[in-house]
Amino acid sequence: MLSTAAGTASQDAMSIWEYANPKKFMQTSAWALPWVTGLAVVTLVTGLVWGFFFTPDDYRQGATVKIIYIHVPSAMMAINAWAMMLVTSMIWLVRRHHVSVLAAKAAAPIGVTMTLIALFTGAIWGQPMWGTWWAWDPRLTSFLILFLFYLGYIALWEAVEDPDTAADLTSVLCLVGSVFALLSRYAVLFWNQGLHQGASLSLDAEEHVADTYAWPLWVSMAGFVLLFVTLVLIRTRTEIRARRLRALEARERMA
Amino acid sequence: MVDLGKYAGTVLGAYGVTILLILGLVWLSLRKGAEMRRRLEAQEKRMGRNG
């Protein structure tokens, strides 16, 4: 019985690594992309239109509460994109699968855009609510450092000529930067000071945003996740093609 | 149109910049993807012709 279970688990584990094959990844992503893209557009538009047009003003924050539908999902994706990059970078370091590290490379520009959106919408929301665009608050500061790590990660890929060396170095940088991705998420809990509040949505928190705001926020968050998946698939396909192009050009030069 | 009151500039500014950044990212991703696809196809065709 146990050996059967172990055998099934082993087969399942094997099936995950099939996607490390660039050809298999290209085939599967070509099939999945139209569906994921369609779903991303529908959920994103539904979440944002619902939140913007069909939710009431907050009794304290007024209409600025509508910023929650872009600020929270973008901040969530800024952290989760780095988490995804960490996992795929670790897979590269341990198993040397190129598709994995190319997916991490593909995710970085999406992550930096999400971080920028979170920082900008936070600042523009903070000004009327806190009376300041910026404060050296633990969460804000760790987010700024995460933004700088994203820039460093992208710059390092461009700076190193050998792709495998670049993959190694960026993977290590990703591991180090994960400290700040983690701090961005939990800074409010680690240091009970600063202006930023805790989680807006939490299944175990005693107090969070009212359902009127929470439901469109969940939809908007799903939209941002699907947008991220769509863009990662598109950009990873581009990176795989770029790698193949480099290989063919090198083969042509050698001939 | 939704009445955003005195926070109209704040809310519309936040949404406007977000939408611009996302559309810019999508456009860049699609443009780079199309360019790489074209270059790879041309290279494969050339190498196929030359054996």
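I start with burial, since several later points need it. A residue is buried if 20 or more other C-beta atoms lie within 10 Å of its own, exposed if 12 or fewer, and partly exposed in between, with C-beta atoms placed from the backbone. As an example, A:Arg96 counts as partly exposed because it has 13 C-beta neighbours inside 10 Å.

Now the ground rules. This is a predicted model, in which local features need pLDDT of at least 70, side-chain atom pairs count only at pLDDT 80 or more, and totals for chains, interfaces and linings use all residues. Residues are numbered from 1 along each chain as its sequence is written, while chains are lettered from A and ligands numbered from 1 in the order in which they are written.

On confidence, the predictor gives the complex an ipTM of 0.94 and a pTM of 0.89. For chain B the mean pLDDT (the predictor's confidence in each residue, from 0 to 100) is 93, and 98% of the residues of chain B reach 70 or more.

Next, the fold of chain A. Its secondary structure comes to seven helices and zero strands, where helices (H or I, at least four residues) and strands (E, at least two) are DSSP runs, numbered from the N terminus. Along the sequence the pattern reads α-α-α-α-α-α-α. Of the 255 residues in chain A, 39% are buried. Two residues are in contact if their C-beta atoms, placed from the backbone, lie within 7 Å. Among the contacts in chain A with a separation of 6 or more, 76% are between residues 24 or more positions apart.

H3(A) has 28 residues and should span 40 Å, and its end C-alpha atoms are 40 Å apart, which agrees. Helix H5 of chain A, residues 138-159, has 22 residues and should span 32 Å; the end C-alpha atoms of H5 are 31 Å apart, which also agrees. Buried residues in H5(A) include A:Leu140, A:Phe143, A:Leu146, A:Phe147 and A:Tyr150.

Then the core. A nonpolar core is a set of buried Ala, Val, Leu, Ile, Met, Phe, Trp, Tyr and Cys residues joined through C-beta atoms within 7 Å. The largest one has 65 residues, and those with the most contacts inside it are A:Ala78, A:Ala81, A:Ala107, A:Ile110, A:Leu146, A:Phe228 and A:Val232. Elements giving two or more residues to this core are H2 (22-53), H3 (68-95), H4 (98-130), H5, H6 (163-190) and H7 of chain A, together with helix H1 (8-50) of chain B. H4(A) supplies the largest share, 15 residues.

Take A:Val232 from that list. A:Val232 sits in helix H7 of chain A, residues 211-254. Why does A:Val232 count as buried? Because 23 other C-beta atoms lie within 10 Å. Leaving aside neighbours within four places in sequence, A:Val232 is in contact with A:Ala103, A:Ala106, A:Ala107 and A:Ile110.

Most residues other than glycine have a negative phi, and most peptide bonds are trans. A:Arg96 is not a glycine, yet has a positive phi of about 60 degrees.

Another loop residue, A:Pro56, is found between H2 and H3 of chain A. A:Pro56 counts as exposed because it has 10 C-beta neighbours inside 10 Å. From A:Pro56 to A:Lys66, ten residues apart along the chain, the C-alpha separation is 8.8 Å.

Last, the two chains together. The contact takes 24 residues from chain B and 30 residues from chain A. The chain B side has 13 nonpolar, seven polar and four charged residues. Here Ala, Val, Leu, Ile, Met, Phe, Trp, Tyr, Cys and Pro count as nonpolar, Asp, Glu, Lys and Arg as charged, and the others, Gly among them, as polar. A:Leu116, in helix H4 of chain A, touches A:Phe147 and B:Leu21, not counting residues up to four places away in sequence. A:Leu116 is partly exposed, with 18 C-beta neighbours inside 10 Å.

Note on methods. Expected span 1.5 Å × (residues − 1).
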